[in-house]
Amino acid sequence: MPATPTRPAPTAERRRHDREILALAVPAFGALVAEPLFLMADSAIVGHLGTAQLAGLGIASAALTTAAGIFVFLAYATTAAVARRIGAGDRRAAVQQGIDGIWLALILSAGMVVLTLTLAPQAAQLLGASPTAAPYAVTYLRISALGVPAMLLVLAATGVLRGFQDTRTPLLVAIGGFGANLLLNLGLVYGAGLGVAGSAWGTVIAQNAMAAAYVAVVVRGARREGAGLRPDLAGIKASARAGGPLVVRTLSLRASLLLATAVAAHLGDAEIAAHQITMTIWSFMAFALDAVAIAGQAIIGRYLGAGDLPGTRAATRRMVEWGVGAGVLLGLLMVLARPLYVPLFTDDPSVRGLLSTVLLLAALTQPIGGLVFVLDGVLMGAGDGRFLAWGMLAALLLFTPAVLAVPVLGLGLAGLWWAMNLFMLARAAVLAGRIRTGRWMVTGAVRA
């Protein structure tokens, strides 16, 4: 009688999960950090042209970053769908699923190009561009419209590679893209004397080069697995349906952050300055936590595609331990390193006084954030987008009255960050409750 298969010993299993998580999360972190470096490089180069030019770039970058955030579902939904197919052992269908996501990205980008070209002046005005900064913002936006298809294609193709458990290729492409962007911007802004337009053209060229690299990798994989490259209407519709709830989730999250910024702005100049600095640090810390979430998307999708529920539970538990542990370390780092990074942002005593309190409050959210990011990634990997949409809406509904009460009750910036902590606690409670039910663990190559 054959021996009954047994799962690895707990220690061996933990080590196996650790290797999986690190192999995906570390390169993913590098790629995530490379993204904001594009904007930092552009800002450093354009900043020497003048204040109006830098302000115009800031307005245009805010619009483009918002658009990229809305369409990030192209990466998330594609990762989960492709990883399921990989887990089920159907690599050809996995590639095909990814190609459908890429075609969806190209279709959506056509509308985005038209909107960006047409509504660039209105977008600049809506985001508060001054009369001197507005022309530069419009110039940057209209040229950047030519990079929108590449930007969305990169999102979708990144999802394909993550689904194939490959986060190293996106890291290499991101590093190459950053280097090209830096050199092109220096050459076009100063060498060719194109100013803000040169910065936009440099970024567009770098984005299209990155997209070309991704297309080459995906096409090579499609040929190797015998997958077709033509658009499949049913597959594109399926990709759109999977991504729809994630758009709702992303918009709800963006609304929460914008609401917090609006309240901080009404508290005073020192308060909005301190809030912006705190959010900058908080957002950077989020990249490390989001890297574990990206690993979760790929790993959980693969386990569920293979029908391995014990492996799914074990991987989820280990990623939660990683996320919370990383959050504790990042929270301590945020507090202990204040003397090093606060002087880089401000010399204003009033702003520094506010930061002494709100940075402590932001640090408190890091372990909670670690839990939230990981569980977000796990449920995305499971394709549980509908629940994520409703869960984020519920957290937004709880957060809205709390944050609007801050100026009314005179709670100041500290009160605002207590409201932010409440928002993170609400998200953690909602996500943890869903995980405990087990209803998200739907197995198979396609989530029914």
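**Helix packing and local geometry in a predicted model**

Good morning. Tyr76, Thr79, Ala80, Ala83, Arg84, Ile86 and Gly87 of helix 3 are in contact with Asp290, Gln297, Ala298, Gly301, Arg302, Leu304 and Gly305 of helix 10. Helix 3 covers residues 73-87, and its axis lies 6 Å from that of helix 10, at an angle of about 35°. The crossing of these two helices, helix 3 and helix 10, is right-handed.

On the helix 10 side the contacts come from Glu271, Ala274, His275, Thr278, Met279 and Trp282, and on the helix 15 side from Leu413, Leu416, Trp417, Met420 and Met424.

Is Thr278 buried or exposed? With a relative accessibility of 0%, Thr278 counts as buried. This residue of helix 10 touches Trp417 and also Leu355, Val358, Leu359 and Ala362, when residues up to four places away in sequence are not counted.

Just after helix 15 comes Gly438, with a positive phi of about 75°.

I move to the aromatic residues. How many aromatic pairs does a search of the whole structure find? The search finds 3 aromatic pairs. In one of them, Phe71 and Phe73 have ring centres 6.3 Å apart and planes at 40°, and the pair is therefore tilted. Both Phe71 and Phe73 are buried. In another, the rings of Phe284 and Phe287 have centres 6.2 Å apart and planes at 85°; because edge-to-face applies to angles over 60 degrees, this pair falls in that class. Phe284 and Phe287 are 3 residues apart in helix 10, residues 269-305, and so about one helical turn separates them. In general, an α-helix has 3.6 residues a turn, so residues three or four places apart point the same way. Phe284 counts as partly exposed, at 45% relative accessibility.

The next element is helix 6. Its 16 residues should span 22 Å at 1.5 Å a residue, and its end C-alpha atoms are 23 Å apart, which agrees. Of those 16 residues, 15 are buried, so helix 6 is largely enclosed by the rest of the structure.

As background, most residues other than glycine have a negative phi. Gln165 is placed in the loop between helix 6 (148-163) and helix 7 (168-191). At 22% relative accessibility, Gln165 counts as partly exposed.

Leu64, in helix 2 (residues 51-70), is buried, with a relative accessible area of 17%. The C-alpha atoms of Leu64 and Ser144 are 8.4 Å apart, and the two residues are 80 residues apart along the chain. Setting aside neighbours within four places in sequence, Leu64 is in contact with Ser144, Tyr140, Leu141 and Met151.

Gln125 belongs to helix 4 (residues 91-126) and is exposed, with a relative accessible area of 63%. From Gln125 to Ile59 there are 66 residues in sequence and 9.3 Å in space, C-alpha to C-alpha.

Met210, found in helix 8 (residues 196-225), is buried at a relative accessible area of 12%. Met210 and Val442 are 232 residues apart along the chain, and 35 Å separates their C-alpha atoms.

Thank you for your attention.

Conventions:
Residues numbered from 1 in each chain as written. Predicted model: local features only at pLDDT ≥ 70, side-chain atom pairs only at ≥ 80, totals over all residues. Heavy atoms only, no water. Helix = DSSP H or I, 4+ residues; strand = E, 2+ residues; numbered from the N terminus. Phe/Tyr/Trp six-rings, centres within 6.5 Å; stacked < 30°, edge-to-face > 60°. Buried < 20%, exposed > 50% of the residue type's maximum accessible area, 1.4 Å probe, protein only. Contact = heavy atoms within 4.5 Å. Axes fitted to C-alpha atoms, helices over the stretch in contact; angles between N-to-C directions. Left-handed = near helix turned anticlockwise from the far one by under 90°. Expected span 1.5 Å × (residues − 1).
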